[in-house]
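The structure is shown first, and the points follow by topic.

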Amino acid sequence: MTTANDLIEHAALKLGAKATGESLTADESNDSLEVLNSMLDALAIDGMMVYQIVQDSYTWAAAAASRTIGASGALNGTRPTKIEAGTYFRDSNNIDQTVDIIRDRATYDSLSSKSDTSTFPEILYYDSAYPLGTIYVYPVPSAQLTLKLNHWQILQSFAALTTDLALPRGYQWFIEHALAVALSPVFSVEPASRVVAEANRSKAALMRVNHRPVTSRLEVPFIGGQRSDIEAGV
């Protein structure tokens, strides 16, 4: 475990903004905390910095075409940054059925009858609004299901300088060097070239570890609320 203050102190030392044994002022520490949280927020949308795909379980009510998700949403949990393939629904007999994840609103909006029902949904569209996202499915399930939702695990922000954070291997080293570079305007100190190089090198190493090969998929369009059939010519 490490705290925000640990990361900030180490980064300031690498930057040359403080000497060994010295401490930052309260204002410097608080300003640095804001920079640290801003940096972590930026990393949250970089897929190559996502170190895990986690799976959460939610109850999906019968006849529900959409559900909000996030703190205090209909699906009360972590608001996903991005939903990943492999997400599936499970029925009361423990039968599982994956759904196709569609990324654009236009595809979902083109469905002519969004109230069609079936045992399992076939497609899922995620509107990543904030603070609550909304998940839409088609067809609408005719009975209650369990949604097994795969989504990005992102680095949390720090509520205070003393907040603890458990980091995966390699992340603390990267954050300390990247934060040293990011803190340069705060302390009006130019980072040494070796610090910048190490921030880039360690980020590249994490991106290689986090790389997930992409499996090519043929997106089958829905026409008039039905999946098109190439062989039938529709």
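The model is predicted. The secondary structure of the protein chain consists of six helices and 15 strands. The topics below move from the chain as a whole to an open sheet of five strands and then to the second largest pocket, with a volume of about 360 Å³.

**Chain as a whole**
- The protein chain has 234 residues, and 39% of them count as buried.
- Among contacts in the protein chain with a separation of 6 or more, 68% are between residues 24 or more positions apart.

**Five-stranded open sheet**
- The strand order is β4-β3-β10-β9-β7, and the pairing is mixed.
- At the edges are β4 (75-76) and β7 (100-102), each of which pairs on one side only.
- Strand β9 (residues 123-127) pairs with β7 in the parallel sense, over three bridges.
- Within β9, Tyr-125 is the bridge partner of Ile-102.
- In general, the strands of a sheet pair through backbone hydrogen bonds, in either a parallel or an antiparallel manner.

**Second largest pocket**
- The lining of this pocket comprises 17 residues.
- Nearest the centre of the pocket lie Asp-41, Ala-44, Ile-154, Leu-155 and Gln-156.
- Helix α2 (residues 26-43) gives the most to the lining, contributing three residues.
- By class, the lining has 10 nonpolar, five polar and two charged residues.

Terms used. Residues are numbered from 1 along each chain as its sequence is written. This is a predicted model: local features need pLDDT of at least 70, side-chain atom pairs count only at pLDDT 80 or more; totals for chains, interfaces and linings use all residues. Side-chain values use heavy atoms; hydrogens and water are left out. On a 1 Å grid over the protein atoms alone, a cavity is a set of points where a 1.4 Å probe fits but cannot get out, and a pocket is an open set with protein on both sides within 12 Å along at least five of seven lines; lining residues have an atom within 4 Å of a point. Grid points are joined across faces, edges and corners, and a volume is the space filled by probe spheres set on the points. Helices (H or I, at least four residues) and strands (E, at least two) are DSSP runs, numbered from the N terminus. Ala, Val, Leu, Ile, Met, Phe, Trp, Tyr, Cys and Pro count as nonpolar, Asp, Glu, Lys and Arg as charged, and the others, Gly among them, as polar. Buried means under 20% relative accessible area, exposed over 50%, partly exposed in between (1.4 Å probe, protein chains only). Contact means heavy atoms within 4.5 Å. Two strands pair if DSSP finds at least two bridges between them.
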